[in-house]
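Please read them beside the coordinates.

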Amino acid sequence: MCGIFSAWGIEDASNHVYLGLYALQHRGQESFGIVSTDGEQFYMKKKMCLVADAFHPTTLKMLRGRGAIGHVRYSTSGPSVMRNMQPIHAQLHDGEVALAHNGNLVNAPTLRRQLHQEGMIFQSSLDTELIFHLMARSQATSLKERFFESLTQVRGAYSLVMMTHNQLLLARDPYGYRPLILGEYRDGLVAGSETCAFDLIGAKFVRELEPGEVVCVDQQGKTTSDFLPRVARQAYCVFEHVYLARPDSHVFGENVYSARKAMGRRLAQEHPVTADVVVPVPDSGVPAALGYSEECKIPFDFGLIRNHYVHRTFIEPDQRIRNFGVRVKLNLQRTILKNKSVVVVDDSIVRGTTSRKIIGMLREAGARSVHMRVSSPAITHPCHFGIDTPTRQELIGANKSVEEIRGYLNVDSLGYLSQEGMLSVLAQTKDSYCVGCFSGRYPEAVDVELTNPS
Ligand code: AMP
C-alpha cells in the first residue's frame, strides 16, 4: 500500500508533489519522500513520518526545479526501515534516475536470487530496486528502452513514476492492478495514484494510464506512449474500491464513494434486517452504511465517533499498537445506541480484532442487539499485489465459518456481501477485477517465497 505522485514542467514542482502526497496519505503512513530536478541535478528528502510532519517550508524550497516525484509508503515488500524509503535513486551509466513504486513484484525473490548470484549488491530490500538492476544490465540503447525492457522481466503489480534530469516516465503493469492517473496542471503534467490528489492542487483529470502503458514525457512536455505485451485480461484490485482508495477519488473508471454506496445497497438486498439504526464504522464503513440505510429504510446515525488525530489503526505495523488504537480512535454516542437494535456496517473484516472490540463497545453502550454487515466478502487469502494483508493463519475468514465468526464477534447476526454482488455493482465487467484476497485465485503465479514467508 503506497501512494505515488509526480509533477512535470511545473514551477515549484516539489510543492505540488508535497500537496499531492498530503492527499494520498491514507495509502501509506510509514515514510514519505520527494526527489526533484532542475534539469541539472537531483534534490531529495526522505523521512520516516507523516507528510504533515515531514518538512520545514525551507526544506521544500531546497527541492528545486520543474520536475519532481514523491512517495508515501506502507511496507508490503521489505521492512519499515530508512533504507527502504522511496523514491529510490541510482546512477546508471548514462545518468541519474529516481523511481517511486506502488505495488508488489511477484517474481522478486527469483530475480533477486539470480542477480545476487551474478554478484549484484542491493542497497535495500525493496522489490522496486530490481528495476534499476535490470535497467543497468540491459543492452538497449536509450534509458527509456532499458526501462521498458526491465518491465518485461518483472511480474506483478506496479504503478511507477520515474524521473531523469530531462524526462519523466510512467508505467502501469499489464494487468492494471493499481491505479495510475494522468492530469494537466497549467502548462505541465501531473500523475498519481488517485484523483483526490489532483483536486487538492486544482489539476485537471485527463485519463487513467492503460494497463501495460509506458508513458515518456520529455523536457518540452512531448508525450509518447508504448505498450508492454498484452495479457489475457485486466485485474483491477477490487480492494481499492472496498477499502484502500479515498472515497472522493475516481479510479478504474468510477467514483469510489458511489461504488461503496452501491455495495452497501446490494448488501442490504442480500442481508436485510429489522433494526432501529444503521451505524457505520468510521470512516471506512460510512458510504456502505449510507447505501444500506437507504435501501433498508432504517435511519443512519453516527453511533461511533472517530478521533481524527489518530491514523488508521490497522496501518500501524505493530500488533500491540493496533490493539491499543481502537479505543483511542473511536468513542461511543451512548444516546444513539442505548436500548437500540443496531446494524453496524464496515467495509471488511481482516483479523476480526478491531471489529470484536467495536462490537464490545456497542454492547457496553447498551445496544439491545447488534447485527454486523460487511460490504465485501470474507477475506480468505493474503494479497501479493500491494495491499497489506496478514498471512492466512491470521485471517479470520480463512479459518472460521461465518457462524463461527459471528460467535467470535459476539453479534446477533453477521452478513457479508457476496463476491457476485460486489462485482455486479462495479463499472467494469466482472472478470476485469483481481479478487485474489476473496478467492485465492490470483491472476498470475506468485513466487513460492511470497506465498510461504519464513
Ligand atoms: P479487523 O476487525 O481487525 O479485521 O479490522 C477491520 C478493519 O480494518 C476494517 O475497518 C477495515 O476497514 C480495516 N482494513 C481492512 N483492510 C485493511 C488494510 N489492508 N489496512 C488497514 N486497514 C484495513
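1. R27 is buried, with a relative accessible area of 0% (buried means under 20%, exposed over 50%, partly exposed in between; 1.4 Å probe, protein chains only). E194 is buried too, also at 0%. R27 and E194 form a salt bridge, with the closest N and O atoms 2.7 Å apart (a side-chain nitrogen of Lys or Arg within 4 Å of a carboxyl oxygen of Asp or Glu). R27 sits in the loop between α1 and β2 (31-37), and E194 in the loop between β10 (188-192) and α6 (196-201), so the pair ties together parts 167 residues apart in sequence. Helices (H or I, at least four residues) and strands (E, at least two) are DSSP runs, numbered from the N terminus.

2. The model is predicted: local features need pLDDT of at least 70, side-chain atom pairs count only at pLDDT 80 or more, and totals for chains, interfaces and linings use all residues. Residues are numbered from 1 along each chain as its sequence is written, and side-chain values use heavy atoms, leaving out hydrogens and water.

3. A network of salt bridges links R27, R178, E194 and E240. The salt-bridge count comes to 23.

4. K144 and D226 form another salt bridge, the closest N and O atoms being 3.4 Å apart. K144 lies in helix α5 (residues 143-153) and D226 in strand β13 (residues 223-227), so this pair ties together parts 82 residues apart in sequence. K144 is partly exposed at 25%; D226 is partly exposed at 30%.

5. R266 and E270 meet in a salt bridge (2.9 Å, N to O). Both lie in helix α8 (residues 256-270), four residues apart, about one turn of the helix.
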